[in-house]
There are 2 protein chains.
Amino acid sequence: MSYAFEPIGIVHSPFREKFGIPRQPGLAPGAKARLELLAPFDRPEALDGLEGFSHIWLTFVFHQALGTRWRPRVRPPRLGGNRRVGVFASRSPFRPNPIGLSAVALEGVSGSGGKIELLLSGVDLLDGTPVLDIKPYIPYADSIPDARGGFAAGPPEACMRVRFSERAQRQLACRDDADGLGRLIVDLLAVDPRPAYADDGRPHRVYGMRLYDFDLKWRVRGDTIEVLELC
Amino acid sequence: MSYAFEPIGIVHSPFREKFGIPRQPGLAPGAKARLELLAPFDRPEALDGLEGFSHIWLTFVFHQALGTRWRPRVRPPRLGGNRRVGVFASRSPFRPNPIGLSAVALEGVSGSGGKIELLLSGVDLLDGTPVLDIKPYIPYADSIPDARGGFAAGPPEACMRVRFSERAQRQLACRDDADGLGRLIVDLLAVDPRPAYADDGRPHRVYGMRLYDFDLKWRVRGDTIEVLELC
């Protein structure tokens, strides 16, 4: 017995690869994305009343995890990548059904150019993510502030200072929305996206992550991350 | 393009029909259910660490809505059944992909008799519901207490008083867990489960809802619901 679902939309986001992507929604408020509704679901009436909600749930497919075998236990990055927990006690993409769930802020709905798009912020979604459902976030049912959060009780700590090299500052200044992009880069790097298990101890190692149409290059010096360039 | 998912578990719940079921999870804390993991997903290790979380997300199939045609606008019971909103602004089961989402309390995990079961409370799930995924509820990402809740800003009001007839009291007393069952019945009826649009004005109309293995019969007198019998 299995159930087949068709995507109702697709995400256009700055995140072109998993590395560096926020580990949960809401961690980088400046991470903006568009959710484009796909035919035959691109009916403006289907969104009537949604603007009364500040947040929505997206149920989506972890499309990069499709075709991988699930394992009963996984190593969440939150635990440094060396402790294992049950896959159902994690939000890992590698699960029996690779279905993801994110609460994101709804900034607006746009209907221009024949496309119906939801404007989102605080996303943790890869570019190209297929979306199966949109639901309103209903605070009285969905918000449980005193829930016990197991090994993920609090948000990851913003433990790193972030500075931009002169070169990176110049490159940033040439970009549309330089301020917003600068804040996004700080939010993404301040939580130290390096995987613990891949820390090979080379102090001058240059890391790269794909963001929008550029590579963001950076390195670590003590408790500071230096952005080298946007190229 | 479509995606196929296999159920990882099935819900055993007191709710045998849609009528009277809580409209969101958490509204009837006494609504207990078991989620039985199905092979090949019934691996105890897959739940390692889950007991550290007080609540979990269930992603499930609205199996009674399968095969119905979706419409861009629906009439949520919350709005009295006579105002329509976009299907994506609702939590209606009748949606392009009939996928449901509930945060429920995790009371424990049981591994007896060769079955692995999660013990749940506060459920709003029909008996027999196929579950596609279990995820931990992560308060820092999932709880947004100040989210704006549109037309569903607050929980439905418990506006009715509930009393039991002598006959219903006697029948209740013979049941296992009479106290818990009594509280559940009060929680279910206090919010007045009558659909607004079906109120035909007959003051002595007897309503019935299937709960566990019995029919719960009740009628309305002013602001009081009288439980007539459990038969």
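Modeller: The contact takes 62 residues from chain B and 62 residues from chain A, where two residues are in contact if their C-beta atoms, placed from the backbone, lie within 7 Å. This is a predicted model, in which local features need pLDDT of at least 70 and side-chain atom pairs count only at pLDDT 80 or more, while totals for chains, interfaces and linings use all residues. Residues are numbered from 1 along each chain as its sequence is written, and chains are lettered from A in the order in which they are written.

On the side of chain B that touches chain A, β9(B) gives the most, with five residues; helices (H or I, at least four residues) and strands (E, at least two) are DSSP runs, numbered from the N terminus. That side of chain B divides into 37 nonpolar, 14 polar and 11 charged residues, with Ala, Val, Leu, Ile, Met, Phe, Trp, Tyr, Cys and Pro counted as nonpolar, Asp, Glu, Lys and Arg as charged, and the others, Gly among them, as polar.

Strand β1 (residues 3-5) of chain A runs antiparallel to β1(B) and is joined to it by three bridges, strands being paired if DSSP finds at least two bridges between them. Within this pairing, A:A4 has B:A4 as its bridge partner in β1(B).

Because 100% of the interface residues of chain B are also interface residues in chain A, the copies meet through the same surface.
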